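Here are my notes on the model, as numbered points. Have a look at the structure first, then read on.

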Amino acid sequence: MIARLFRTAPLTCVFLIAFWTVGALTGAIGGANDELLAQVGFGTDSPLWSVFSSALWSMDLLGYVATTVLLLVVGPLAERSFGSLRTAAIFLASHVIGSFLGLGVVLLGRDVHWSWLESLVGEAAAGPSIGGVGLALALSFRMPALWRRRVRLLMILSVLVLTLYSGWLEDLLRLSGGVAGLVIGALFLKSGAVHKPRTFQDTRVLVALLLAASALGPVVAMMSPSPNGPLWWFADVVAVVQPSQEDVDAMCGSDAVELCRTMMVQLSYGRFPALVMSLLPALLLLVLAEGLRRGRRFAWWSALVFNVAFSAFIGWYVVDAARIPDIGAVEVLFSFSVPMLAPLAITVVLLLTRKHFAVRLPRHAVRKFWRFTAGSVALLSALYVFGGYLVRDQFSPEPGFAELLADLPTRFLPPGYLLGLVPLQFSAEGFVGTLLFEYTGVVFWLIVLAGLLMASWRSWPSSCEKEATHARDLMRRYGGSSLSYMTTWRGNQYWFTPDGENAIAYRVVATIALTVGDPIGPARVEAVRGFAEFCARNGWTPCLYSVGTETKEAVGGLGWSAVQVAEDTVIELDTLAFTGKKWQDVRTALNKAAKAGITAEWCTYGDAPYAITDQIRSISAEWVADKGLPEMGFTLGGLEELTGDGVRCLLAVDGDRTVHGITSWLPVYQDGEVVGWTLDFMRRRANGFRGSMEFLIASAAQQLQTEGARFLSLSGAPLARLDRGERPRALQRVLDFTGQVLEPVYGFRSLFAFKAKFQPSYRPMFMAYPDSAALPRIANAVSRAYLPHLNARQGLRLATKMIIRTRERATTQGRAR
């Protein structure tokens with residue numbers, strides 16, 4: 001891997017080696033060295049040549065690690081896209097131009113007497129991250145539209161947050177280096193691609209990132225040992241910290257008795273509850289940002305109220321600061337009024353993008369959330385008041401029932417908000433008292449945050465029988481792939497084009513709108529485009545599962561990606577004849593069944609006698625029990641799907657009416673007529689006729705051939721495919737490996753090999769998706785769709801079986817060698 005990295009990104013590797021070597025030899029890795037920084041760093045009092053030397057050092061170990069990660073991600077991509085020489089030129093130009101641009105901002109701020117920028121005069125900074133940020137933003141001009149927007153958003157917001165809240169010279173230079181990279185990219189690297197308007201989802205992500213940045217910025221300032229940015233004081237609004245011991249001592253040395261007592265109680269909080277409650281506003285904003293990403297209306301209203309309240313608070317602070325004689329008008333404008341622009345800007349953005357957040361929760365979900373919240377408040381309040389009264393001797397001074405009741409509201413507020421608002425009369429000393437005093441609010445807010453996250457993640461799709469009936473009519477009229485009948489199974493929802501002539505069946509699993517088979521109707525591309533827009537409005541990610549080559553190529557024009565997930569095996573009945581050596585196994589099964597007196601009988605499950613259906617249920621239950629896992633669903637039918645309209649069952653029955661095996665066949669329509677059949681349900685009795693599956697499939701092929709059917713589909717074998725000699729992509733290799741790992745338990749490849757006995761033609765089936773970043777969530781949704789009832793115990797059993805059987809196979813193969 002290292003050798004490959006050297007081949008693809010030699011410039012990045014050589015620079016990083018020199019970067020770490022110089023840092024180790026000069027001792028810069030161990031921490032900030034003011035003497036060294038004054039010699040090699042770049043600042044207002046530094047010589048001009050130091051703009052180059054500053055690119056070979058960093059400020060501390062964290063800077064070295066962060067810069068290395070940035071360059072390892074961006075460098076190889078840039079060298080692959082631009083070449084090594086152009087990459088070096090872009091990096092160096094971004095570093096030099098960005099450094100001088102940042103220096104100009106500092107000098108301008110000094111002239112207008114902005115205290116923040118005045119504090120940077122005389123400072124020096126070093127770090128190749130200045131050019132690294134510029135290189136990343138310049139590289140974004142060569143990226144696809146989706147990734148271009150994401151990279152720009154993440155990079156710009158990251159350096160902007162550091163500048164506004166941490167606020168040291170290196171932070172400002174990184175921001176100006178990013179600006180330089182954008183200018184270089186716009187002037188020299190723009191590809192001239194057609195500009196695509198932002199989708200609903202892109203706009204939602206942008207607004208969510210803005211809100212998340214407003215939450216994370218104060219956390220950065222709070223965690224920084226010496227924040228210096230123009231917004232650092234705003235951290236006290238969003239992330240309220242505990243008072244320091246020095247502040248408590250100073251307050252208690254004055255005449256402010258109430259404030260002294262309150263600060264002492266605040267200081268007595270344990271580290272974890274104090275941290276959670278101090279970060280509570282920031283955590284709440286992050287949860288609301290996730291709701292905005294999903295397009296939730298409640299998140300939009302909550303974020304709007306928060307930012308309006310923050311703007312009002314800062315406005316009050318500005319008015320109060322303006323009354324101080326020592327603070328001039330310029331200082332009030334830049335140091336206090338400018339910070340108010342952040343929540344105001346987010347408020348304006350929220351108002352302008354209001355229509356993008358229209359996903360409302362159902363009334364029953366809203367009522368459930370408020371009932372649960374109110375119940376939690378009531379339970380925790382009763383626990384604190386009554387429990388606290390029982391252990392009142394663990395408080396100092398000892399409170400009465402009325403004092404505990406009066407103190408109850410403060411348990412749900414961050415301790416930093418209590419200063420000057422509500423005087424605290426007592427503190428907890430014993431274990432139970434401390435638990436009640438410090439964790440009542442923690443538990444409540446964790447419950448609320450979890451509830452809001454669930455409200456953001458969960459989907460409530462709706463459908464009705466009328467829509468399902470219309471989808472079935474379209475399927476019969478226009479037909480589709482061999483899996484089209486599966487769109488009529490229970491659990492699917494339906495989306496239609498405005499003219500009602502195209503339909504897509506889907507189910508929402510973990511915010512992924514998962515479809516089965518190709519779209520139904522004459523206009524597939526238009527249907528996919530409309531369905532993607534429908535999903536975006538609801539905060540879902542679409543994923544077309546088990547679609548054919550035609551649909552895969554059609555959505556490729558929309559910028560979607562695709563990967564093969566199965567192989568459909570089709571028997572053409574026009575020329576079918578069980579002659580030749582290749583059909584030997586099938587002929588043997590037919591002959592043995594005839595000698596054993598076993599015949600193939602068609603039936604419908606709903607009309608079959610009880611003696612037959614009872615045997616079918618027993619065979620299926622025996623098969624599931626042998627697996628030790630619940631039946632798979634999604635594209636694999638169970639007993640419930642046997643009752644579908646038009647589904648036929650073929651049974652292997654002996655002279656005693658004992659069922660040895662069963663298969664079910666789903667109709668495939670075209671122009672209102674059945675033209676083919678798809679194999680779905682397959683079960684055989686454990687101690688029954690061994691060749692029952694070969695016998696049933698061959699019998700079905702013979703009998704359906706005489707009825708005029710054109711083909712039989714043996715359905716897709718998941719995670720198995722024909723080797724066509726193509727070099728698989730990385731994701732395809734992951735899926736192939738997954739199929740290999742699951743083989744000992746589910747036998748997908750064994751099933752694929754079994755179907756090869758019938759000399760089928762092979763048709764690849766693909767999974768198409770618009771967003772590569774959503775692949776982990778898509779994989780989770782697909783697994784949950786196939787195993788919707790898998791519990792933790794069964795999951796552990798599945799993992800254990802895979803490990804044991806994989807080892808057994810490895811041992812067997814080793815002995816064979």
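1. Some ground rules on patches. They are made of residues with over 30% relative accessible area and no salt bridge, with like charges joined within 9 Å and nonpolar side chains (Val, Leu, Ile, Met, Phe, Trp, Tyr) within 5 Å. A salt bridge is a side-chain nitrogen of Lys or Arg within 4 Å of a carboxyl oxygen of Asp or Glu. Areas are Shrake-Rupley values with a 1.4 Å probe, and for residues only the protein chains shown count as cover.

2. This is a predicted model, where local features need pLDDT of at least 70 and side-chain atom pairs count only at pLDDT 80 or more, while totals for chains, interfaces and linings use all residues. Numbering runs from 1 along each chain as its sequence is written, and side-chain values use heavy atoms, leaving out hydrogens and water.

3. L61, V65, V69, V73 and L77 make a nonpolar surface patch of about 410 Å². L77 sits in helix α5 (residues 61-82); helices are DSSP runs of H or I, at least four residues, and strands are E runs of at least two, numbered from the N terminus. L77 counts as partly exposed because its relative accessibility is 38% (buried is under 20%, exposed over 50%, partly exposed in between).

4. On to strand β12 (residues 659-670): 11 of its 12 residues are buried. Strand β11 (residues 648-653) pairs with β12 in the antiparallel sense over six bridges; pairing takes at least two DSSP bridges. R648 has W665 in β12 as its bridge partner.

5. β12 also pairs with strand β13 (residues 673-684), antiparallel over nine bridges, with L666 opposite T678 in β13. Their hairpin has two residues between the strands, and D671 takes a positive phi near 55° there.

Notes. Buried < 20%, exposed > 50% of the residue type's maximum accessible area, 1.4 Å probe, protein only.
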